[in-house]
Amino acid sequence: MDDFEIPEDIVETRTASSVIYDLSNEDYHNHKSISKSGLDLIAKSPAHFIKNERKESPAFKKGTLIHCAILEPDYLLSRYHPVNLRYDLRTKKGKALLEEETQLANGKIIVYPDEWNIAIRVRDEIHRHKVTKHLFDGGESEISVFSRLNDVDVRCRPDYINGSVVVDLKSTIEAKNKFKQSVVKLRYFVQDPFYSDILSNEGIGVSNFLFVAIEKTEPFGIAIYELDDDAASYGRREYTKDLDIYKRCLDSGIWPGYEESIQTLSLPSYLTNGY
């Protein structure tokens, strides 16, 4: 990656109604189309998709804070309210202090010192890194793109588009082996072709789709990945299958769960060979 350069073939001004700037996160998620996270639920079972409720876990909060610090720094203090200490909510005093800060926050998300410091340090590492400091400079963040694939309304919200390079930022525990496992577990191999095909449909050419994995603890290690052709082709087949299931469920109004028959479990062959 030492010689990586941002391609110059950026698509000129994009003003189509299918490409929306400054759309709120809430409005994006409420849109009647399916996203990559929706496809992940469909792959689990249609019932998981139709019954899903978005929940914000501590890890999700930390990830969105890091994303904001790197991708939308101008909004950081308008969305988040940093406080000077982490309150002990086991005590009346701690609860009272939190209530006071909640009033001062006026709807902003309260962020404790350790969370704030990590987000700022991760941002600084991104800007020091010899590749990512260029990837996240001069492009556009959090654009909402809507299209149709296989006669289904779909959407995506790339973290960052720089020229014809799409960059997806992943905060992670470990940016090497565990992240590679996450590519399979969290189906990142679907995200690349799904996003790329949506963007292509709307006139946004994609030359590279890069995953930037950055660790949330010291030394805040950074690794950059892209899928090979076989992985992207497999991801495209998988999202096409997911869209077909989703469309059938929309048409029928039936959203099945897991297989209802009795299934047989087998162990990996390396455990049973020789018995």
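Predicted model: local features only at pLDDT ≥ 70, side-chain atom pairs only at ≥ 80, totals over all residues.
1. Strand E6 (residues 152–156) is mostly covered, with four of its five residues buried; buried means under 20% relative accessible area, exposed over 50%, and partly exposed in between, with a 1.4 Å probe and protein chains only.

2. Some conventions apply throughout: residues are numbered from 1 along each chain as its sequence is written, and side-chain values use heavy atoms, with hydrogens and water left out. Local features need pLDDT of at least 70 and side-chain atom pairs count only at pLDDT 80 or more, whereas totals for chains, interfaces and linings use all residues.

3. The chain averages a pLDDT of 89, and 91% of the residues score at least 70, pLDDT being the predictor's confidence in each residue on a scale from 0 to 100. Over residues 6–16, however, pLDDT stays under 50, and the model has 20 contacts beyond four places in sequence for this stretch; contact means heavy atoms within 4.5 Å.

4. The secondary structure comes to 12 helices and 10 strands, these being DSSP runs numbered from the N terminus (helices H or I, at least four residues; strands E, at least two). Of the 275 residues of the chain, 42% count as buried, and residues 24 or more positions apart account for 73% of the contacts with a separation of 6 or more.

5. An open sheet of five strands runs in the order E4-E7-E8-E9-E10, with mixed pairing. Strands E4 (140–141) and E10 (222–225) stand at the edges with a single partner strand each, so one side of each is left without a neighbour in the sheet. Strands E7 (residues 160–162) and E8 (residues 165–172) run antiparallel and are joined by three bridges, with Asn162 opposite Val165 in E8. Helix H7 (residues 113–128) lies across E8, E9 (208–215) and E10, at about 135° to E9; the axes are lines fitted to C-alpha atoms, for helices over the stretch in contact, and angles run from 0 to 180 degrees between N-to-C directions.

6. The largest nonpolar core has 33 residues, of which Ile34, Val154, Phe194 and Leu243 touch the most other members. Such a core is a set of buried Ala, Val, Leu, Ile, Met, Phe, Trp, Tyr and Cys residues joined through side-chain atoms within 4.5 Å. Helix H10 gives the most to this core, with seven residues. Leaving aside neighbours within four places in sequence, Leu243 is in contact with Ile34, Leu39, Leu149, Asn150, Val152 and Val154. Another core, of 28 residues, lies apart from it and has among its members Val122, Tyr160, Val165 and Leu210.

7. Two polar side chains may be set side by side. Ser45, in the loop between helix H2 (36–44) and helix H3 (46–50), is buried at a relative accessible area of 3%, and its side chain makes a polar contact with that of His48 (2.6 Å). Gln103 in helix H6 (residues 92–105) counts as exposed at 57% relative accessibility, and a polar contact of 2.9 Å joins its side chain to that of Glu99. A polar contact is a pair of N or O atoms within 3.5 Å; within protein, one must be able to donate a hydrogen and the other to accept it, and residues adjacent in sequence count only if both atoms are side-chain atoms.

Terms used:
Pairing = 2+ DSSP bridges.
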